[in-house]
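Hi everyone, thanks for coming. Please look at the picture with me, and I'll walk you through it one part at a time.

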Amino acid sequence: MAIVVENECVQDNMYSLSVEYSGSCKMGQFFMLRCWDFDPLLSRPISIYDFRDGIVKFLYQVMGKGTEKLSKLKAQDVITLQGPYGNGFPYLDEEDITLVGGGMGIAPLHYAAKELYRINPNRHIEIYLGVREENPIIKQFKDEFPNVKVNIGGIITEDIEYKKDHVILTCGPEIMMKIISEEGKNQGITVYTSVEKRMACGVGACLGCTCKTTKGNKRACKDGPVFLGEEILYE
């Protein structure tokens with residue numbers, strides 16, 4: 001159980017949820033969240049948007065019954081927080097990194113950028129964000145990080161400048177990650193993708209989030225959610 005610090009509607013049906021958390025976590029990991037007993041049956045997997053000073057922050061959209069209930073939370077309410085789960089993005093030694101996020105896939109890249117700069121403040125990171133409309137989260141990226149390029153309502157993959165000395169971390173719509181992974185493979189660029197799958201348990205027991213890879217079926221929650229882009233067999 002954990003205590004809600006803040007649950008703010010940042011735009012339309014997008015919320016920023018801050019929760020007390022005394023443990024540790026890695027960029028690209030996720031938690032299973034719930035604030036109800038039996039209905040809906042499953043908890044909701046949400047990636048880490050930020051973590052500092054004992055507060056973990058999540059960015060989510062109201063898409064159904066579970067996230068609608070999350071949106072009703074207020075400061076000092078109690079929430080069930082399980083995790084963190086998943087392997088997360090690798091803590092890279094490379095100096096040059098490109099981050100590409102689409103839609104709500106921009107969320108885990110915020111904490112990734114913070115962690116990568118924390119490890120090496122002098123590294124060069126280029127950030128590409130594709131969203132349907134301008135929102136306060138985009139402004140936060142621009143305020144906190146240099147080299148942020150935003151595509152509103154268009155196709156972010158058309159804006160990416162692929163550089164052979166860069167490693168790419170990406171999260172977002174499957175078609176976006178497929179294009180990036182294929183182009184990265186063609187140009188000899190390492191790509192790490194964070195896949196988005198429906199998850200039930202979060203620990204790999206139910207096999208509900210299985211994805212096809214060149215190494216056989218893998219569980220997104222346990223073996224991932226981060227995989228080498230060239231390993232994923234996209235439909």
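Residues 1-91 have their end C-alpha atoms 29 Å apart, and this span is 8% helix and 51% strand. Helices here are DSSP runs of H or I with at least four residues, strands are runs of E with at least two, and both are numbered from the N terminus. UniProt, in an unreviewed entry, annotates residues 1-91 as "domain: FAD-binding FR-type". UniProt positions are in the numbering used here, feature names are shortened, and annotations may be inferred rather than shown by experiment.

A quick word on the source: this is a predicted model, in which local features need pLDDT of at least 70 and side-chain atom pairs count only at pLDDT 80 or more, while totals for chains, interfaces and linings use all residues. Residues are numbered from 1 along each chain as its sequence is written, and side-chain values use heavy atoms, with hydrogens and water left out.

Let's look at some strands. Strand β3 (residues 30-34) pairs with strand β4 (residues 44-52) in the antiparallel sense, over 4 bridges. Two strands count as paired if DSSP finds at least two bridges between them. Which residue of β4 stands opposite Phe30? That is Ser47.

Strand β4 is also joined to strand β5 (residues 55-61), again antiparallel, by 4 bridges. Here Phe51 has Val56 in β5 as its bridge partner. The hairpin of β4 and β5 has 2 residues between the strands, and Asp53 in this hairpin takes a positive phi near 50°.

Now let's step back to the domains. The protein is divided into domain 1 (2-85) and domain 2 (96-231), with bounds that come from an automatic or database domain assignment. Their centres, taken over C-alpha atoms, are separated by 21 Å. How many residues does each domain bring to the contact? Domain 1 gives 23 residues and domain 2 gives 23 residues, where contact means heavy atoms within 4.5 Å.

The size of an interface is often given as the accessible area lost when the parts come together. Domain 1 and domain 2 bury about 2000 Å² between them, with 65% of it on carbon and sulfur atoms. That buried area is the accessible area, found with a 1.4 Å probe, that the two parts lose on being put together, summed over both. On the domain 1 side, Gln11, Met27 and Tyr49 supply 31% of the area buried against domain 2, more than any other three residues.

Next, salt bridges: a side-chain nitrogen of Lys or Arg within 4 Å of a carboxyl oxygen of Asp or Glu. The whole structure has 7 of them, and 1 salt bridge is found across the interface of domain 1 and domain 2. The side chains of Asp50 and Lys114 form a salt bridge at 2.9 Å, N to O.

Glu126 and Lys163 make another, at 2.5 Å from N to O. This pair links distant parts of the chain, 37 residues apart: Glu126 is in strand β8 (residues 124-131), and Lys163 is in the loop between β9 (148-152) and β10 (167-171). Is Glu126 buried or exposed? Glu126 is buried, because its relative accessible area is 6%, and the cut-offs are under 20% for buried, over 50% for exposed and partly exposed in between (1.4 Å probe, protein chains only). Lys163, at 25%, is partly exposed.

Lys215 and Glu231 also meet in a salt bridge, at 3.2 Å from N to O. Lys215 lies in the loop between β12 and β13 and Glu231 in the segment after β14, so the pair ties together parts that are 16 residues apart in sequence. Lys215 is exposed at 58% relative accessibility, whereas Glu231 is buried at 13%.

Last, some cysteines. The unreviewed UniProt entry places a "binding site" feature at Cys201, Cys206, Cys209 and Cys221. They are spread over 21 residues of sequence but cluster in space, with a largest C-alpha distance of 10.2 Å. Cys206 is in the loop between β11 (191-194) and β12 (210-213), and is partly exposed because its relative accessible area is 38%. Cys221 is in the loop between β13 (216-219) and β14 (226-228), and with 1% relative accessibility Cys221 counts as buried.
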